[in-house]
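Trainee: Please take a close look at the salt bridges of this model, and then relate them to the helices and the sheet in the rest of the chain.

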Amino acid sequence: MVARRDVFQAIADPTRRAMIGLLAIKTLTINEVAGNFGMSQPAISKHMHILTECGLVVMVKIGREKHCRANLKGLEEVTRWAEQYRVFWNQRLDALEDLLNADGE
């Protein structure tokens, strides 16, 4: 059984995060994406494969070209995961603020 990549693996790389940001603005061909990065076409293809495998990028073939667009719905898993820590740290910082205010009185 082959393990499927997850969203966290995809966004761990800064190049892939930049690609998602680029494709969130507009749909681009793979060559247009590659034009924004100083790396080989095989390296771009590998990054795009990972992004499509975990559902963050959707590719549609139109004629001879593959057009890529971001699927930001795939980031909802990351948002849910990060939210629990936002709540935790807000509670901790509120408690610290209360403690500091109580000491100053």
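Mentor: Glu83 is partly exposed, with a relative accessible area of 33%; on this scale buried means under 20% relative accessible area, exposed over 50%, and partly exposed in between, with a 1.4 Å probe and protein chains only. The model is a predicted one, in which local features need pLDDT of at least 70 and side-chain atom pairs count only at pLDDT 80 or more, while totals for chains, interfaces and linings use all residues. Residues are numbered from 1 along each chain as its sequence is written, and side-chain values use heavy atoms, with hydrogens and water left out.

The side chain of Glu83 forms a salt bridge with that of Arg86 at 2.5 Å, N to O. The term denotes a side-chain nitrogen of Lys or Arg within 4 Å of a carboxyl oxygen of Asp or Glu. Arg86 is also partly exposed, at 43% relative accessible area. Helices here are DSSP runs of H or I with at least four residues, strands are runs of E with at least two, and both are numbered from the N terminus.

By this rule the count comes to 2 salt bridges. The other joins Lys73 and Glu76, at 3.6 Å, N to O. Lys73 is exposed, with a relative accessible area of 58%, whereas Glu76 is partly exposed at 37%.

Confidence should be kept in view here. For the chain the mean is 90, and 93% of residues reach 70 or more.

We now turn to the sheet. Three strands form an open sheet in the order β1-β3-β2, with antiparallel pairing. Because β1 (28–29) and β2 (57–62) each have a single partner strand, they stand at the edges, and one side of each has no neighbour in the sheet. Two strands pair if DSSP finds at least two bridges between them. β1 pairs with strand β3 (residues 65–70) over 2 bridges: Leu28 stands opposite Cys68, and Thr29 opposite His67. β2 and β3 pair over 6 bridges, with Val57 opposite Ala70. These two strands form a hairpin with 2 residues between them, and Gly63 in the turn has a positive phi of about 65°.

α2 lies across β1, β2 and β3, at about 95° to β3. Helix α4 (residues 41–53) touches β2 and β3, and its direction makes about 110° with that of β2. Axes are lines fitted to C-alpha atoms, for helices over the stretch in contact, and angles run from 0 to 180 degrees between N-to-C directions. The axes of α2 and α4 come within 10 Å and cross at roughly 75°. That makes α2 roughly perpendicular to α4, where under 35 degrees is roughly parallel, over 145 roughly antiparallel, 65 to 115 roughly perpendicular and the rest oblique. Contact means heavy atoms within 4.5 Å; Thr15, Arg16, Met19, Ile20 and Leu23 in α2 meet Ile44, His47, Met48, Ile50 and Leu51 in α4.

Technical notes:
pLDDT = per-residue confidence, 0-100.
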